[in-house]
Amino acid sequence: MSQVTAIIGLGNPGADYDATRHNAGFWLVEALARSTHSELRPEKKFLGLYAKVRLGEHELHLLNPSTFMNRSGAAVAALTQFFKLTPENLLVAHDELDLPPGQARYKTGGGHGGHNGLRDIISALGNQKQFHRLRIGIGHPGEARQVVNYVLGRPGKVEQEAIAHALEESLATLPLALSGDWAKAMNRLHSVK
């Protein structure tokens, strides 16, 4: 299995969206940048905020696209083309309606599950789906017609703390995932209560 060399967070740019559930992927990449004492900086050629960081023995490209969620693929394609990365080199962090706040799960491949960011990335990668995902639980509002307002809304205090805990646990398991020990990384992250 190819090694992950790039971590991409999904979200929407701008202050109006910073604290919304849909930006959980951005939060993970921002937390990773902070933990490595790095700063995400605007990078026009990658259509986003970019940093190159070192986590243990791993060099990583971090990217938060500055396009809107449903146009994330252009930034991902620009990064993969520039650094000659394959889909297997990518870990895409995104919000996940099907998991409750406080849970996160690794997954490799699969469809987009209705997630517009993933849909656009799959399309931009020529319909290749074999990239890794880090699904960050935000919960579901209960009805499909409430989803848009829900993902673009801000989590309450308890919910935000649960998401923050899931992000911490995700960061703690990243070295295992980056070393290719997906089974151990999944086992640890998926057993978090």
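**View 1. Lys52, Arg54 and Glu59 are joined in a network of salt bridges.** A salt bridge here is a side-chain nitrogen of Lys or Arg within 4 Å of a carboxyl oxygen of Asp or Glu. The model is predicted: local features need pLDDT of at least 70, side-chain atom pairs count only at pLDDT 80 or more, and totals for chains, interfaces and linings use all residues. Residues are numbered from 1 along each chain as its sequence is written, and side-chain values use heavy atoms, with hydrogens and water left out. Between the side chains of glutamate 59 and arginine 54, the N to O distance is 3.5 Å. Glutamate 59 is partly exposed at 44% relative accessibility, and arginine 54 is partly exposed at 48%; buried means under 20% relative accessible area, exposed over 50%, and partly exposed in between (1.4 Å probe, protein chains only). By the salt-bridge rule the count comes to ten.

**View 2. Glutamate 159 and arginine 21 form a salt bridge (2.6 Å, N to O).** Glutamate 159 belongs to helix H5 and arginine 21 to the loop between strand S1 (6-9) and helix H1 (24-35), so the pair ties together parts 138 residues apart in sequence. Helices (H or I, at least four residues) and strands (E, at least two) are DSSP runs, numbered from the N terminus. Both glutamate 159 and arginine 21 are buried.

**View 3. Lysine 157 and glutamate 161 meet in a salt bridge (3.2 Å, N to O).** They are four residues apart in helix H5, so about one helical turn separates them. Lysine 157 is exposed, at 65% relative accessible area, whereas glutamate 161 is partly exposed, at 45%.

**View 4. Proline 155 sits in the loop between H4 and helix H5 (157-178).** Its relative accessibility is 12%, so proline 155 counts as buried. Leaving aside residues up to four places away in sequence, proline 155 touches Ala19, Arg21, Trp27, Gln160 and Ile163; contact means heavy atoms within 4.5 Å. Glycine 139 is 16 residues from proline 155 in sequence and 9.9 Å away in space, C-alpha to C-alpha.

**View 5. Glutamate 96 lies in strand S5.** With a relative accessible area of 12%, glutamate 96 is buried. Beyond four places away in sequence, glutamate 96 touches Arg135, Ile136, Gly137, Ile138 and Gly139. Its side chain makes a polar contact with that of arginine 135 (3.1 Å). A polar contact is a pair of N or O atoms within 3.5 Å; within protein, one must be able to donate a hydrogen and the other to accept it, and residues adjacent in sequence count only if both atoms are side-chain atoms.
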